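Visitor: Please walk me through this structure.

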Protein chains: 2
Amino acid sequence: MTMHALTLNGVNVGADEHAWAASAARALSDAGYRRGGARRAILELLDEQACALSAVEIERALSDRQREVSRASVYRVMEELEEIGLVQRVEIGQGIVRYEPVRQGHGHHHHLVCDRCGRLEPFTDEGLERAIRRLSERLPAQVSEHEIVLHGACEDCAES
Amino acid sequence: MTMHALTLNGVNVGADEHAWAASAARALSDAGYRRGGARRAILELLDEQACALSAVEIERALSDRQREVSRASVYRVMEELEEIGLVQRVEIGQGIVRYEPVRQGHGHHHHLVCDRCGRLEPFTDEGLERAIRRLSERLPAQVSEHEIVLHGACEDCAES
DNA sequence: GTCTTTTATAAGACTGATTCTCGAATATAT
DNA sequence: ATATATTCGAGAATCAGTCTTATAAAAGAC
(Lines give C-alpha, C1' and ligand atoms only; values in the text may rest on other atoms or scores of the structure.)
Protein backbone atom coordinates (compact mmCIF):
# COMPACT_ATOMS: atom_id res chain seq x y z
CA MET A 1 0.00 0.00 0.00
CA THR A 2 1.43 3.33 -1.03
CA MET A 3 1.68 6.23 1.36
CA HIS A 4 0.22 9.46 0.10
CA ALA A 5 0.76 12.95 1.39
CA LEU A 6 -1.54 13.45 4.34
CA THR A 7 -2.01 16.57 6.32
CA LEU A 8 -4.12 16.74 9.39
CA ASN A 9 -4.92 19.63 11.58
CA GLY A 10 -3.90 22.94 10.15
CA VAL A 11 -3.35 24.23 6.71
CA ASN A 12 -0.04 25.64 5.72
CA VAL A 13 -0.40 29.38 5.27
CA GLY A 14 2.66 31.57 5.57
CA ALA A 15 4.69 31.40 2.41
CA ASP A 16 2.28 33.20 0.09
CA GLU A 17 0.68 35.28 2.76
CA HIS A 18 -2.10 37.24 1.13
CA ALA A 19 -1.87 35.50 -2.20
CA TRP A 20 -5.48 34.42 -2.20
CA ALA A 21 -6.95 37.82 -1.34
CA ALA A 22 -4.84 39.45 -4.02
CA SER A 23 -5.76 37.04 -6.76
CA ALA A 24 -9.34 37.09 -5.60
CA ALA A 25 -9.47 40.86 -5.89
CA ARG A 26 -8.02 40.61 -9.38
CA ALA A 27 -10.49 37.94 -10.40
CA LEU A 28 -13.33 40.07 -9.10
CA SER A 29 -12.36 43.14 -11.08
CA ASP A 30 -11.75 40.99 -14.15
CA ALA A 31 -15.27 39.71 -13.72
CA GLY A 32 -16.54 43.27 -13.88
CA TYR A 33 -17.09 43.96 -10.21
CA ARG A 34 -16.12 47.30 -8.72
CA ARG A 35 -14.34 47.41 -5.43
CA GLY A 36 -16.32 48.13 -2.36
CA GLY A 37 -15.45 48.26 1.29
CA ALA A 38 -17.55 45.32 2.35
CA ARG A 39 -16.12 43.09 -0.32
CA ARG A 40 -12.56 44.00 0.55
CA ALA A 41 -13.12 43.43 4.24
CA ILE A 42 -14.60 40.02 3.58
CA LEU A 43 -11.75 39.01 1.30
CA GLU A 44 -9.21 39.93 3.94
CA LEU A 45 -11.01 38.02 6.61
CA LEU A 46 -11.40 34.92 4.47
CA ASP A 47 -7.78 34.99 3.47
CA GLU A 48 -6.73 34.53 7.07
CA GLN A 49 -8.94 31.51 7.61
CA ALA A 50 -7.59 28.01 7.47
CA CYS A 51 -11.03 26.48 7.45
CA ALA A 52 -14.65 27.22 6.71
CA LEU A 53 -16.75 30.01 8.22
CA SER A 54 -20.50 30.45 8.22
CA ALA A 55 -22.11 33.68 7.07
CA VAL A 56 -23.07 34.50 10.61
CA GLU A 57 -19.53 33.86 11.82
CA ILE A 58 -18.20 36.16 9.12
CA GLU A 59 -20.64 38.87 10.11
CA ARG A 60 -19.65 38.55 13.74
CA ALA A 61 -15.91 38.37 13.09
CA LEU A 62 -16.03 41.53 11.04
CA SER A 63 -18.04 43.44 13.57
CA ASP A 64 -15.54 42.32 16.22
CA ARG A 65 -12.83 44.04 14.26
CA GLN A 66 -14.84 47.24 13.94
CA ARG A 67 -15.67 46.74 10.31
CA GLU A 68 -19.35 45.96 10.31
CA VAL A 69 -20.81 44.49 7.19
CA SER A 70 -24.49 43.86 6.85
CA ARG A 71 -25.83 40.36 6.65
CA ALA A 72 -27.16 40.96 3.18
CA SER A 73 -23.72 42.01 2.00
CA VAL A 74 -22.10 38.94 3.43
CA TYR A 75 -24.48 36.68 1.58
CA ARG A 76 -24.28 38.70 -1.62
CA VAL A 77 -20.50 38.73 -1.62
CA MET A 78 -20.28 35.04 -0.83
CA GLU A 79 -22.57 34.33 -3.73
CA GLU A 80 -20.42 36.38 -6.07
CA LEU A 81 -17.27 34.73 -4.84
CA GLU A 82 -18.73 31.30 -5.24
CA GLU A 83 -19.90 32.14 -8.75
CA ILE A 84 -16.36 32.94 -9.82
CA GLY A 85 -15.04 29.90 -8.02
CA LEU A 86 -13.09 31.77 -5.38
CA VAL A 87 -14.87 30.23 -2.45
CA GLN A 88 -16.57 26.93 -1.93
CA ARG A 89 -19.62 26.13 0.11
CA VAL A 90 -19.14 23.50 2.74
CA GLU A 91 -22.02 21.86 4.51
CA ILE A 92 -21.35 19.59 7.40
CA GLY A 93 -24.43 18.79 9.37
CA GLN A 94 -26.16 21.37 11.53
CA GLY A 95 -27.85 22.75 8.43
CA ILE A 96 -25.53 25.72 8.29
CA VAL A 97 -23.70 26.69 5.16
CA ARG A 98 -20.05 27.51 5.53
CA TYR A 99 -17.69 29.09 3.05
CA GLU A 100 -13.99 28.76 2.52
CA PRO A 101 -11.44 30.10 0.07
CA VAL A 102 -10.57 27.80 -2.79
CA ARG A 103 -6.82 27.64 -3.11
CA GLN A 104 -5.07 25.76 -5.84
CA GLY A 105 -3.21 22.62 -4.77
CA HIS A 106 -1.94 23.25 -1.26
CA GLY A 107 -4.95 24.47 0.67
CA HIS A 108 -7.45 22.19 -1.01
CA HIS A 109 -8.75 19.94 1.71
CA HIS A 110 -11.74 18.10 3.08
CA HIS A 111 -13.35 17.81 6.47
CA LEU A 112 -13.62 15.46 9.36
CA VAL A 113 -16.47 16.27 11.71
CA CYS A 114 -16.49 14.93 15.21
CA ASP A 115 -20.07 13.94 15.89
CA ARG A 116 -19.53 14.13 19.63
CA CYS A 117 -17.81 17.46 20.20
CA GLY A 118 -18.54 19.08 16.86
CA ARG A 119 -14.91 19.77 16.07
CA LEU A 120 -14.13 20.39 12.42
CA GLU A 121 -10.76 19.26 11.17
CA PRO A 122 -9.33 19.68 7.70
CA PHE A 123 -7.40 16.87 6.04
CA THR A 124 -6.01 16.07 2.63
CA ASP A 125 -5.39 12.78 0.88
CA GLU A 126 -3.92 12.29 -2.53
CA GLY A 127 -5.37 8.80 -2.92
CA LEU A 128 -8.83 10.20 -2.51
CA GLU A 129 -8.19 12.98 -4.99
CA ARG A 130 -7.00 10.47 -7.53
CA ALA A 131 -10.09 8.32 -7.05
CA ILE A 132 -12.25 11.38 -7.60
CA ARG A 133 -10.40 12.39 -10.74
CA ARG A 134 -10.84 8.93 -12.20
CA LEU A 135 -14.47 8.81 -11.29
CA SER A 136 -15.15 12.25 -12.71
CA GLU A 137 -13.82 11.22 -16.09
CA ARG A 138 -16.21 8.32 -16.25
CA LEU A 139 -19.35 10.15 -15.23
CA PRO A 140 -21.54 11.58 -17.96
CA ALA A 141 -21.81 14.83 -16.00
CA GLN A 142 -19.31 17.67 -15.84
CA VAL A 143 -17.88 17.62 -12.35
CA SER A 144 -16.44 20.92 -11.20
CA GLU A 145 -16.16 20.61 -7.45
CA HIS A 146 -16.22 17.92 -4.86
CA GLU A 147 -16.66 17.81 -1.18
CA ILE A 148 -15.93 14.98 1.18
CA VAL A 149 -17.05 14.85 4.77
CA LEU A 150 -16.01 12.15 7.18
CA HIS A 151 -18.02 11.69 10.33
CA GLY A 152 -16.87 9.98 13.45
CA ALA A 153 -15.11 10.56 16.72
CA CYS A 154 -12.03 12.73 16.75
CA GLU A 155 -8.85 11.59 18.44
CA ASP A 156 -9.77 13.14 21.76
CA CYS A 157 -13.33 11.90 21.84
CA ALA A 158 -12.41 8.43 20.64
CA GLU A 159 -10.30 7.86 23.78
CA SER A 160 -12.93 8.66 26.33
CA MET B 1 -6.81 1.62 -15.23
CA THR B 2 -9.26 -0.77 -13.62
CA MET B 3 -12.97 -0.43 -14.07
CA HIS B 4 -14.99 -0.49 -10.89
CA ALA B 5 -18.66 -1.15 -10.47
CA LEU B 6 -20.47 2.09 -11.11
CA THR B 7 -24.14 2.71 -10.79
CA LEU B 8 -25.76 5.90 -11.83
CA ASN B 9 -29.33 6.89 -11.54
CA GLY B 10 -31.37 4.52 -9.48
CA VAL B 11 -30.57 2.28 -6.62
CA ASN B 12 -31.36 -1.37 -6.71
CA VAL B 13 -34.09 -2.16 -4.25
CA GLY B 14 -36.13 -5.30 -4.64
CA ALA B 15 -34.19 -8.28 -3.35
CA ASP B 16 -34.43 -7.67 0.38
CA GLU B 17 -37.57 -5.62 0.26
CA HIS B 18 -38.23 -4.32 3.72
CA ALA B 19 -34.95 -5.42 5.18
CA TRP B 20 -33.95 -2.00 6.34
CA ALA B 21 -37.22 -1.14 8.07
CA ALA B 22 -37.15 -4.45 9.88
CA SER B 23 -33.61 -4.17 11.14
CA ALA B 24 -34.20 -0.55 11.93
CA ALA B 25 -37.20 -1.42 14.08
CA ARG B 26 -35.12 -4.03 15.86
CA ALA B 27 -32.28 -1.61 16.42
CA LEU B 28 -34.69 0.91 17.84
CA SER B 29 -36.21 -1.44 20.35
CA ASP B 30 -32.76 -2.70 21.28
CA ALA B 31 -31.85 0.88 21.96
CA GLY B 32 -34.72 1.08 24.41
CA TYR B 33 -37.30 2.88 22.32
CA ARG B 34 -40.91 1.83 22.42
CA ARG B 35 -42.80 1.60 19.22
CA GLY B 36 -45.04 4.40 18.27
CA GLY B 37 -47.17 5.08 15.27
CA ALA B 38 -45.23 8.03 14.00
CA ARG B 39 -41.95 6.22 14.19
CA ARG B 40 -43.27 3.18 12.39
CA ALA B 41 -44.81 5.25 9.63
CA ILE B 42 -41.56 7.10 9.08
CA LEU B 43 -39.54 3.89 8.97
CA GLU B 44 -41.84 2.45 6.33
CA LEU B 45 -41.64 5.55 4.20
CA LEU B 46 -37.88 5.77 4.42
CA ASP B 47 -37.48 2.15 3.53
CA GLU B 48 -39.09 2.74 0.17
CA GLN B 49 -36.84 5.63 -0.73
CA ALA B 50 -33.90 5.23 -3.03
CA CYS B 51 -32.49 8.61 -2.20
CA ALA B 52 -32.56 11.34 0.41
CA LEU B 53 -35.68 13.15 1.64
CA SER B 54 -35.97 16.38 3.57
CA ALA B 55 -38.01 16.63 6.75
CA VAL B 56 -40.64 18.66 4.95
CA GLU B 57 -40.83 16.11 2.15
CA ILE B 58 -41.29 13.35 4.68
CA GLU B 59 -44.05 15.26 6.40
CA ARG B 60 -45.80 15.85 3.10
CA ALA B 61 -45.37 12.32 1.81
CA LEU B 62 -46.89 10.90 4.97
CA SER B 63 -49.84 13.23 4.94
CA ASP B 64 -50.41 12.27 1.30
CA ARG B 65 -50.85 8.68 2.39
CA GLN B 66 -53.28 9.60 5.14
CA ARG B 67 -50.84 9.08 7.94
CA GLU B 68 -50.10 12.55 9.20
CA VAL B 69 -47.12 12.99 11.46
CA SER B 70 -46.32 16.30 13.03
CA ARG B 71 -43.27 18.22 12.05
CA ALA B 72 -41.83 17.93 15.52
CA SER B 73 -42.11 14.17 15.37
CA VAL B 74 -40.38 13.99 12.04
CA TYR B 75 -37.42 15.91 13.37
CA ARG B 76 -37.38 14.04 16.64
CA VAL B 77 -37.49 10.64 14.98
CA MET B 78 -34.86 11.58 12.44
CA GLU B 79 -32.59 12.65 15.25
CA GLU B 80 -33.08 9.35 17.04
CA LEU B 81 -32.49 7.39 13.88
CA GLU B 82 -29.35 9.33 13.13
CA GLU B 83 -28.10 8.77 16.66
CA ILE B 84 -28.29 5.00 16.23
CA GLY B 85 -26.74 5.22 12.81
CA LEU B 86 -29.83 4.13 10.89
CA VAL B 87 -30.09 7.23 8.77
CA GLN B 88 -27.55 9.68 7.54
CA ARG B 89 -27.92 13.40 7.01
CA VAL B 90 -27.16 14.64 3.54
CA GLU B 91 -26.67 18.30 2.83
CA ILE B 92 -26.33 19.48 -0.68
CA GLY B 93 -26.65 23.21 -0.92
CA GLN B 94 -30.01 24.95 -0.62
CA GLY B 95 -29.63 24.91 3.12
CA ILE B 96 -32.00 21.99 3.50
CA VAL B 97 -31.08 18.89 5.42
CA ARG B 98 -32.03 15.58 3.87
CA TYR B 99 -32.05 12.16 5.42
CA GLU B 100 -31.57 8.74 3.97
CA PRO B 101 -31.44 5.20 5.27
CA VAL B 102 -27.96 3.81 5.82
CA ARG B 103 -27.76 0.44 4.14
CA GLN B 104 -24.78 -1.81 4.27
CA GLY B 105 -23.11 -2.49 0.91
CA HIS B 106 -25.67 -2.37 -1.89
CA GLY B 107 -27.62 0.79 -1.44
CA HIS B 108 -24.71 2.76 -0.10
CA HIS B 109 -24.18 5.65 -2.47
CA HIS B 110 -23.13 9.25 -2.84
CA HIS B 111 -24.53 12.28 -4.58
CA LEU B 112 -24.01 14.36 -7.63
CA VAL B 113 -25.72 17.74 -7.50
CA CYS B 114 -26.35 19.72 -10.61
CA ASP B 115 -25.62 23.33 -9.73
CA ARG B 116 -27.76 24.58 -12.58
CA CYS B 117 -31.00 22.64 -12.32
CA GLY B 118 -30.63 21.32 -8.79
CA ARG B 119 -31.05 17.69 -9.78
CA LEU B 120 -29.78 15.16 -7.26
CA GLU B 121 -28.36 11.92 -8.60
CA PRO B 122 -27.04 9.00 -6.63
CA PHE B 123 -23.91 7.18 -7.75
CA THR B 124 -21.55 4.55 -6.42
CA ASP B 125 -17.89 3.94 -7.06
CA GLU B 126 -15.80 1.18 -5.60
CA GLY B 127 -12.54 3.01 -6.24
CA LEU B 128 -13.71 5.84 -4.08
CA GLU B 129 -14.82 3.52 -1.32
CA ARG B 130 -11.47 1.84 -1.32
CA ALA B 131 -9.66 5.17 -1.08
CA ILE B 132 -11.85 6.09 1.86
CA ARG B 133 -11.22 2.81 3.64
CA ARG B 134 -7.49 3.24 3.26
CA LEU B 135 -7.60 6.79 4.45
CA SER B 136 -9.77 5.96 7.44
CA GLU B 137 -7.22 3.46 8.68
CA ARG B 138 -4.51 6.05 8.66
CA LEU B 139 -6.39 8.80 10.41
CA PRO B 140 -6.08 9.05 14.18
CA ALA B 141 -9.83 9.53 14.43
CA GLN B 142 -12.51 6.85 14.39
CA VAL B 143 -14.35 7.29 11.13
CA SER B 144 -17.86 5.91 11.12
CA GLU B 145 -19.55 7.52 8.14
CA HIS B 146 -18.56 9.37 5.04
CA GLU B 147 -20.34 11.53 2.59
CA ILE B 148 -19.21 12.64 -0.83
CA VAL B 149 -20.91 15.31 -2.87
CA LEU B 150 -19.88 16.12 -6.40
CA HIS B 151 -20.97 19.44 -7.84
CA GLY B 152 -21.19 20.30 -11.47
CA ALA B 153 -23.48 20.20 -14.44
CA CYS B 154 -25.59 17.13 -15.03
CA GLU B 155 -25.68 15.43 -18.39
CA ASP B 156 -28.65 17.45 -19.60
CA CYS B 157 -27.39 20.81 -18.40
CA ALA B 158 -23.86 20.21 -19.66
CA GLU B 159 -25.13 19.99 -23.23
CA SER B 160 -26.92 23.31 -23.39
C1' DG C 1 -12.69 69.04 -9.30
C1' DT C 2 -17.94 68.42 -10.22
C1' DC C 3 -21.68 66.01 -12.13
C1' DT C 4 -23.93 61.81 -13.66
C1' DT C 5 -24.68 57.14 -13.80
C1' DT C 6 -24.00 52.82 -12.22
C1' DT C 7 -23.01 49.61 -8.69
C1' DA C 8 -22.40 48.45 -3.82
C1' DT C 9 -23.99 48.66 0.88
C1' DA C 10 -27.01 48.89 5.11
C1' DA C 11 -31.05 48.16 7.67
C1' DG C 12 -34.55 45.68 8.56
C1' DA C 13 -38.76 43.24 7.06
C1' DC C 14 -39.80 38.66 5.49
C1' DT C 15 -39.65 33.54 4.55
C1' DG C 16 -39.13 29.03 5.58
C1' DA C 17 -36.66 25.34 7.96
C1' DT C 18 -35.67 23.70 12.42
C1' DT C 19 -36.26 23.65 17.48
C1' DC C 20 -38.78 24.02 21.71
C1' DT C 21 -42.60 23.53 24.96
C1' DC C 22 -46.01 21.33 27.11
C1' DG C 23 -50.33 19.08 27.42
C1' DA C 24 -52.68 14.93 25.34
C1' DA C 25 -52.38 10.33 23.70
C1' DT C 26 -50.32 5.81 23.59
C1' DA C 27 -47.43 1.87 24.84
C1' DT C 28 -45.77 -1.28 28.27
C1' DA C 29 -45.61 -3.62 32.71
C1' DT C 30 -48.11 -5.26 36.42
C1' DA D 1 -57.56 -2.36 33.95
C1' DT D 2 -54.34 0.78 36.09
C1' DA D 3 -50.21 3.07 36.70
C1' DT D 4 -46.14 4.98 34.70
C1' DA D 5 -43.07 6.17 31.32
C1' DT D 6 -42.63 7.34 26.63
C1' DT D 7 -44.18 9.23 22.46
C1' DC D 8 -46.85 12.42 19.88
C1' DG D 9 -49.10 16.75 18.16
C1' DA D 10 -49.97 21.71 17.71
C1' DG D 11 -48.24 25.77 17.54
C1' DA D 12 -45.06 29.25 19.34
C1' DA D 13 -40.23 30.61 19.12
C1' DT D 14 -35.78 30.79 16.89
C1' DC D 15 -32.56 31.35 13.49
C1' DA D 16 -30.30 31.03 8.94
C1' DG D 17 -30.98 32.91 4.70
C1' DT D 18 -33.53 36.11 1.27
C1' DC D 19 -35.57 40.28 -0.43
C1' DT D 20 -36.57 45.19 -0.69
C1' DT D 21 -35.50 49.78 -0.77
C1' DA D 22 -33.21 53.88 0.34
C1' DT D 23 -28.57 55.61 0.80
C1' DA D 24 -23.60 55.71 -0.13
C1' DA D 25 -19.70 55.04 -2.85
C1' DA D 26 -17.24 54.17 -7.20
C1' DA D 27 -16.22 54.95 -12.12
C1' DG D 28 -16.46 57.71 -15.97
C1' DA D 29 -17.64 62.11 -18.44
C1' DC D 30 -16.87 66.82 -18.58
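What follows is a set of questions and answers on a predicted model.

Visitor: Which element has the largest share of the surface near DNA strand C?
Guide: DNA strand C is surrounded by 26 residues, with G36(A), A38(A), A72(A), A72(B) and V97(B) the closest. Two or more residues come from each of α2 (37-48) and α4 of chain A and α3 (55-64) and α4 of chain B. The largest share is four residues, and it belongs to α4(A).

Visitor: How many charged residues are in the surface near DNA strand C?
Guide: The nonpolar class holds 11 residues there. The polar class holds eight. The charged class holds seven.

Visitor: Why does the span of α4(A) agree with its number of residues?
Guide: α4(A) has 13 residues. At 1.5 Å a residue, the helix should span 18 Å. The end C-alpha atoms agree, because they are apart by 18 Å.

Visitor: What arc do the buried residues of α4(A) cover around the axis?
Guide: The buried residues are V74(A), V77(A), M78(A) and L81(A). They lie on the same side of α4(A), because around the axis they cover an arc of only 100°.

Visitor: Why can residues three or four places apart point the same way in an α-helix?
Guide: The answer lies in the helical repeat. Residues three or four places apart point the same way because an α-helix has, per turn, 3.6 residues.

Visitor: Which exposed residues does the face turned away from the buried side of α4(A) carry?
Guide: The buried side packs against α2, α3, β3 (87-91) and β4 (97-101) of chain A. The face turned away carries A72(A), E79(A) and E83(A).

Visitor: Which residue just after α4(A) takes a positive phi?
Guide: The phi in question is about 85°. The residue is G85(A).

Visitor: Which residues touch the most other members of the largest nonpolar core?
Guide: This core has 66 residues. Leaving out residues up to four places away in sequence, I42(A) touches I58(A), V69(A), V74(A) and V77(A). The residues that touch the most other members are I42(A) and I42(B).

Key: Residues numbered from 1 in each chain as written. Chains lettered and ligands numbered in written order. Predicted model: local features only at pLDDT ≥ 70, side-chain atom pairs only at ≥ 80, totals over all residues. Near = placed C-beta within 6 Å. Nonpolar A, V, L, I, M, F, W, Y, C, P; charged D, E, K, R; others polar. Core = buried A, V, L, I, M, F, W, Y, C linked by C-beta atoms within 7 Å. Buried ≥ 20, exposed ≤ 12 C-beta atoms within 10 Å, placed from the backbone. Contact = placed C-beta atoms within 7 Å. Expected span 1.5 Å × (residues − 1). Arc of directions from axis to C-beta.
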